[in-house]
Amino acid sequence: LVGFSLAIRPGYAAYIPLIHKSGSGDLLGGGMVEGQTPVREAMAIIKPLMADPSVLKVLQNVKYDLVILQRYGVDITPYDDTMLLSYDLDAGLGGHGMDELAKRHLDHACIEFKDVCGTGKNQISFDMVPIDRATEYAAEDADIALRLWLRLKPRLASENVTRVYERVDKPLVSVIGRMERRGIRVDRDYLARLSSEFGRDI
């Protein structure tokens, strides 16, 4: 967890850096950039907010954030996921990544990850990105997620999609997140038998 971004209304977002480093990004790297919030202190502040049932958290691809933050003992509840909202509303219209959704719904071109971190052998990890540049990228993500939610959420009821979003897809996010963290048990013998049965049926 290099840092996190928050937006409380459209056009008003912030980035809280935690472990950005200075230097060339080689194996020895540089030291920590001064003035960042210590991770333990940040988690102590963010944990009650993320678990506060009176504060809805809006995220893009919430499963990723759930998996990362649970490593620090932070649970997110309640939440809405703009990627999932988009999928349930517009499954056949194209991708549901933030950049594509921002272009489709907000006519906005987001800063791309490759423009911040580079590509190929010149790519750097996000902790090596200068904080001012990281702030532009991460705060924009939070702002765009909120703006997308304001566009997409009201459509659930009017397009009769609330039930599938609230009762099927959203609850499944935490289940899949737990599976990613813990792994799954596979009964190889049963799968082999099933494969044989399917082969015969086909």
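Which elements do the buried residues of α3 pack against?

1. The buried residues of α3 pack against β3 (57–59), β4 (79–81), α4 (98–106), α6 and α7. Helices here are DSSP runs of H or I with at least four residues, strands are runs of E with at least two, and both are numbered from the N terminus. A residue is termed buried under 20% relative accessible area, exposed over 50%, and partly exposed in between, with a 1.4 Å probe and protein chains only.

2. The model is predicted: local features need pLDDT of at least 70, side-chain atom pairs count only at pLDDT 80 or more, and totals for chains, interfaces and linings use all residues. Residues are numbered from 1 along each chain as its sequence is written, and side-chain values use heavy atoms, with hydrogens and water left out.

3. Helix α3 is mostly covered, since seven of its nine residues are buried. These are Thr 82, Leu 84, Leu 85, Ser 86, Asp 88, Leu 89 and Asp 90. The list thus includes the charged residues Asp 88 and Asp 90.

4. Thr 82 belongs to helix α3, which covers residues 82–90. With a relative accessible area of 0%, Thr 82 is buried. Beyond its neighbours within four places in sequence, Thr 82 is in contact (heavy atoms within 4.5 Å) with Val 58, Leu 59, Gln 60, Leu 101, Ala 145, Leu 148, Trp 149 and Leu 152.

5. His 105 is part of helix α4. Its relative accessibility is 16%, so His 105 counts as buried. Residues up to four places away in sequence aside, His 105 touches Asp 90, Leu 148, Arg 151, Leu 152 and Arg 155.

6. Helix α6 (residues 131–158) packs with helix α7 (residues 162–182) at an angle of about 105°, and their axes lie 7 Å apart. That angle makes α6 roughly perpendicular to α7, a term that applies from 65 to 115 degrees. The axes are lines fitted to C-alpha atoms over the stretch in contact, and angles run from 0 to 180 degrees between N-to-C directions.

7. The contact between these two helices involves Lys 153, Leu 156 and Ala 157 of α6, together with Thr 162, Tyr 165 and Glu 166 of α7. By class, three of the residues are nonpolar, one is polar and two are charged. Nonpolar covers Ala, Val, Leu, Ile, Met, Phe, Trp, Tyr, Cys and Pro; charged covers Asp, Glu, Lys and Arg; the others, Gly among them, are polar.

8. Strands β1 (residues 3–9) and β2 (residues 12–17) pair in the antiparallel sense over six bridges; pairing requires that DSSP find at least two bridges. Gly 3 has Pro 17 of β2 as its bridge partner, and Ser 5 has Tyr 15. Two residues lie between the strands of this hairpin, where Gly 11 takes a positive phi near 80°.

9. For the protein as a whole, there are eight helices and four strands, in the order β-β-α-β-α-β-α-α-α-α-α-α. The C-alpha trace spans about 65 × 45 × 35 Å along its principal axes. Of the 202 residues, 32% are buried. Among contacts with a separation of 6 or more, 56% join residues 24 or more positions apart.

Key
Parallel < 35°, antiparallel > 145°, perpendicular 65-115°, else oblique.
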